[in-house]
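Please open the structure in your viewer and keep the selection tool at hand. We will go from stop to stop, picking out a few residues each time.

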Amino acid sequence: MKKTKEKLLVLFLLLVTIAQAQNNVTVSGILKDAANGETLFGASIFLKGTTIGTVSNEYGFYSLTAPKGNYTLIVSYLGYAEMSRDIVLDTNQKIDLEIQESSTQLEEVVITAEESERVNIRSPQMSVSKIKVETIKQIPVVLGEVDIVKSIQLLPGVVNNGEGSSGFNVRGGAVDQNLVLLDEAIIYNTSHLLGFFSIFNADAIKDVKLYKGGIPARFGGRVSSVLDVRQKDGNSKEFKLTGGLGLISSRLAAEGPMFNDKGSFLIAGRGSYAHLFLKAAGEDNSAYFYDTNLKTNYKIDENNRMYLSGYFGRDEFDFGGNFKSGYGNRSGNLRWNHIFNDRLFSNLSLIYSKYDYELEFDSFEFDWVSSITNYNIKYDLSYYVNDKLKLDFGVNGIYYHFDPGEINPTSETSAINPLKLEQKRAYESGLYLSAEHKLTDKLTANYGLRYSIFNRLGGQYLVDYQNDLPVVYNSTLGIYEEGIEIGETYYKKGKSVKNFGTFEPRISFAYQLNDDTSFKAGYSRTAQYIHLLSNTTSVTPLDVWTPSGKFIKPQISDQYAVGYFRNFSDRKYSLEVEAYYKTVDNRIDYVDGSNLIGQNTIETEILNGEARAYGLELLFRKSKGDFKGWIAYTISKAEQRTLGGASGGPGINNGNWYNSAFDRTHDISMTGSYKLNDKWTFGANAIFQTGRPVTYPNAQYAYEDLTIANYSERNSSRLPAYHRLDLSATYRPNRKPNNKWKGEWVFGLYNVYNRKNAASISFGQNRETGINEATRTAIFGLVPSVTYNFKF
């Protein structure tokens, strides 16, 4: 049966190419790193003297179709020595390739071009940045811990809500509008220690791709961006140890071959130990994190390989024994790669992901537990039709289980009664087809269509409201209130409460003026069916995910972008300029005074609104020589508007557009590294951002012993501008050429001039003078760090 289905699929695809010339042949294979056997994603593979070329996929697979003849095959990949190989194409053949790194330094994080300058110019894909784990650490970071999430914030169009905040914001979008994937598993919280570090261990990561726009049709479920993080497969050549010792955390990774050289493994762990020093100093408070990355793979035969990967991470907080908190992600993925033939590649994935958090209040004698779990199956195929056309297509389905929270007393004397919020279930599926099509020698298009379906499932009671309005406007008091309940309806498990379907077209073009210059343009529509409920500006463990349903509509985004790309001086310098305009329908907004914690009827606290963002991004980069770096600048605007609609009233902020919490008018990032000699390398970051929008009180009213504040229009004020300078120095001691132990010292200064950047400004009355005053809260001043990295 399996062989019959395989033959039918191949026969169907062959119909697409029935008109091909009979003298065309195909060369395909897997591209790997010669030193460790890791497959390489995004390498440029082409035939010299022709326009025939391709890019290796996520598993290193490539396929080229060309007329019979003698050719020189070129492999180009940033950070690797270019490889050329003479081949004779007289029949279909498989050629696995291995290329050598151009540097033998320790593997760390550096932001690079899309994959190489050549493909960046020719590919219609735009609004994409790639982060590679391949060269020395160049980006100074707080407390010396390599942080991939903070690294992408140095790119144009990417910011966060300040120091100590979780996640990141892309082109005016919220944190929950980013799809974050670790080996295809959904990650719901990317932070450790409430945003001080990210969950990604650089020693376990192979590469990262951030899609800010023009999101490929194979991705769905979010309207702002996709952060696609891939773990290493593990060294298949020899056993290796990699690690680092820092002031508050350390890490260790082991990898090597297994299964008689038919596979490999990777295991990596990190942990912080600052809480041990706090306890030794007599401090009652503590905070720490730990995480583990696991991955293994097994080669069944030339056409089949299995992968198994996983992640487990946890954060724990204890505030004097009175209040405890913990949260964490866990995920697993079982994948099967299958090569049908030299043009058809497939991957089947079974994925599990869970995020949970818990709170324990000893003084009130109760604890709170909440979680979101999903099970995902996806099947993706790539068909290399010929040298001008490649097709990607597939299906996926995700089952969600939302547990908003459960409160339990921790003692028999507790005054708290048990409470369990209604659990929610949903199913999301998608079907897609996309094509990368070389229309002429200068014009290339990438076009596709995704159709997504979301079904909110039963298994709970849902409140019915008068006139189907969970929120109504009280014109007498001038506020929004809960709607009038008229009963409840029970929906059985598996029964549909509400379903949605959305067509999501994606299209982009690249017109190449010459080998070093191109114009690009694109349009994409994306849909998001689950939402993060949070009326704070930064993600916290208390935030709750909820599905679309009877009263919460899916978010729909339309984004348009145009760009100009150019390389200079033999590709030593490059310039990328992009302009974008994005709209989002059905963006959730919260009525004034909303209460989201312990809320079974969350629909009574929200209204559906709209958002828009537009801006201009510039990235100028120097990628060759002893000095390397880039300057990124973004000028942008991000706004929201929420009308009263059927609920009546003027809406939020009187129905006027207002700054979203993620609006930054100006964002400038400069980063660079200078290699002085074989021992010393220096790095620096300089960052400036317009202050975050906030709402300040503008008056107060006194009535008897009560003082009531009156607030200005929503987000009409701003925090002071954010700026800082970071410096780093990396020292590599002399070592013998045959010495397997390689080490380096990294010294860092975060926020060199000790700028007290405001995380928030609060207002209150001085108890002694009775005068109202504002208090600025800053998290970091000057932070020195030292880390020892090693590789064996």
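Predicted model: local features only at pLDDT ≥ 70, side-chain atom pairs only at ≥ 80, totals over all residues.

**Stop 1: the cavities**

The count here comes to 19 cavities of 30 Å³ or more. Start with the largest cavity, which has a volume of about 420 Å³. To find its centre, select Asn160, Gly162, Glu163, Tyr722 and Arg724, which lie nearest to that centre among the 33 lining residues. Now colour the elements that give two or more residues to this lining: helix 3 (148-152), strand 45 (680-689), strand 50 (722-731) and strand 52 (758-765). Which strand gives the most to the lining of the largest cavity? Strand 45 does, with three residues. If you colour the lining of the largest cavity by class, you will find 14 nonpolar, 13 polar and six charged residues.

Next, move to the second largest cavity, which holds about 150 Å³ of space. Select Val175, Val180, Ile187, Tyr188 and Thr190, the closest to its centre of the 16 residues that line it. The lining of this second largest cavity is made up of nine nonpolar, five polar and two charged residues.

**Stop 2: the salt bridges**

Side chains of opposite charge can pair when their charged atoms come close.

Select Lys550 and Asp464, a salt bridge whose closest N and O atoms are 3.4 Å apart. Lys550 sits in the loop between strand 38 (544-547) and strand 39 (555-568), while Asp464 belongs to strand 31 (residues 460-465), so this pair ties together parts that are 86 residues apart in sequence. Are these two partners buried or exposed? Lys550 is partly exposed, at 29% relative accessibility, whereas Asp464 counts as buried, at 18%.

Now select Asp516 and Arg571, where the closest N and O atoms of the salt bridge are 3.3 Å apart. Asp516 is in the loop between strand 35 (496-514) and strand 36 (517-528), and Arg571 is in the loop between strand 39 and strand 40 (573-590), 55 residues apart. Asp516 is partly exposed, at 28% relative accessible area, and Arg571 is partly exposed too, at 22%.

Asp589 in strand 40 is linked here to Arg714 in the loop between strand 48 (706-711) and strand 49 (717-718), 125 residues apart. Both Asp589 and Arg714 are buried.

To see the network, select Glu38, Asp183, Glu184, Lys206, Asp233, Lys295, Arg335, Lys378 and Asp380, which are joined by salt bridges that share partners.

**Stop 3: the aromatic rings**

How many aromatic pairs does the structure hold? There are 33. One of them is Tyr352 with Tyr375, a tilted pair with 5.5 Å from centre to centre and 45° between the planes. Tyr352 lies in strand 25 (residues 344-361) and Tyr375 in strand 26 (residues 366-386), 23 residues apart. Tyr352 is partly exposed, at 27% relative accessible area, and Tyr375 is also partly exposed, at 45%.

Then select Tyr59, Phe61, Tyr307, Phe345 and Tyr384 together to see one aromatic cluster.

Finish with two lysines placed over rings. Lys130 lies over the face of Phe41, 4.9 Å from the ring centre, and Lys520 lies over the face of Phe565, at 4.5 Å from the ring centre.

Notes: Residues numbered from 1 in each chain as written. Heavy atoms only, no water. Phe/Tyr/Trp six-rings, centres within 6.5 Å; stacked < 30°, edge-to-face > 60°. Helix = DSSP H or I, 4+ residues; strand = E, 2+ residues; numbered from the N terminus. Buried < 20%, exposed > 50% of the residue type's maximum accessible area, 1.4 Å probe, protein only. Lys NZ or Arg CZ within 6 Å of the ring centre and 35° of its normal. 1 Å grid on protein atoms, 1.4 Å probe; cavity = no way out; pocket = protein on both sides within 12 Å on 5 of 7 lines; lining within 4 Å. Points joined across faces, edges and corners; volume = space filled by probe spheres on them. Nonpolar A, V, L, I, M, F, W, Y, C, P; charged D, E, K, R; others polar. Salt bridge = Lys/Arg side-chain N within 4 Å of Asp/Glu carboxyl O.
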